[in-house]
Amino acid sequence: MSHVAVGTNIVVTVLLAPGIAAHEFAHELACRLLGVPVHGSAYLNPLASDAYVDHEPIESFYADAIVALAPLVVNTTFALAAFVGAVALAGTPVWPLLVWVGGTLALTAFPSHSDTASMVATARALPTVARPFGLLVAVPVRLATAIPGVSGFYGFFYAVWLYAVVAGPGGWMNSVM
């Protein structure tokens, strides 16, 4: 890896650390809850191309989909909590920190290209009756992540949308306060 690539990875890792760590934590948590053996992980890996959770190959579509999509649930939950905290503490010195944390969590919520690599294969291995339903989930998810890095593009708009849901004129916090 070139010095420029290493430098870029360091900057990206520092800027997105909470989201990257939560994303990988979600994968590992899903693996452990489902009994998928985990061999190792690097939640933050600034000197390499990406963070990772190294686990046994997953044969079950159900488990594969849960492990792949776990960051969407975990990161979204944490991002909403950070955004709610940010809105509640607007105008204080903590507000920018909470917006940044919430933004990084939402930005990294979507599965990456490598996260969805086996979903279509495990869906095809389902019994004949269940296979169409599995493919109905797997194919769009795989296509949505077909271009490496596109999950960050989705994540940007997702972060803006989540913050607007919480803080916007009709947002959760405005209806509670």
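The structure is a predicted model, in which local features need pLDDT of at least 70, side-chain atom pairs count only at pLDDT 80 or more, and totals for chains, interfaces and linings use all residues. Residues are numbered from 1 along each chain as its sequence is written, and side-chain values use heavy atoms, with hydrogens and water left out.

The chain holds seven helices and two strands, where helices (H or I, at least four residues) and strands (E, at least two) are DSSP runs numbered from the N terminus. Read from that end, the order of elements is α-β-β-α-α-α-α-α-α. Of the 177 residues, 38% are buried; buried stands for under 20% relative accessible area, exposed for over 50%, and partly exposed for values in between (1.4 Å probe, protein chains only). Among contacts (heavy atoms within 4.5 Å) with a separation of 6 or more, 65% join residues 24 or more positions apart. The chain exposes about 9,600 Å², and carbon and sulfur atoms supply 74% of that area, as computed by the Shrake-Rupley method with a 1.4 Å probe, where for residues only the protein chains shown count as cover.

Helix α1 (residues 3-34) includes E24. This residue is buried yet has no salt bridge, and R32, the nearest side chain of opposite charge, is 12 Å away. For charge, Lys and Arg count as positive and Asp and Glu as negative, while His and the chain ends are not counted. Beyond its neighbours within four places in sequence, E24 touches A42, Y43, A51, Y52 and V53.

R32 does have a partner in E28: their side chains form a salt bridge at 2.8 Å, N to O. A salt bridge here is a side-chain nitrogen of Lys or Arg within 4 Å of a carboxyl oxygen of Asp or Glu, and by this rule the count is one. E28 and R32 lie four residues apart in helix α1, so about one helical turn separates them. E28 counts as buried at 10% relative accessibility, whereas R32 counts as exposed at 52%.

A nonpolar patch on the surface is formed by F25, L29, L33, L34, Y62, I66 and F78, with about 660 Å² of accessible area together. Helices α1 and α2 (61-88) are the elements that give two or more residues to this patch, and α1 provides the largest share, four residues. Patches are made of residues with over 30% relative accessible area and no salt bridge, joining like charges within 9 Å and nonpolar side chains (Val, Leu, Ile, Met, Phe, Trp, Tyr) within 5 Å. L33, found in helix α1, is exposed, with a relative accessible area of 69%.
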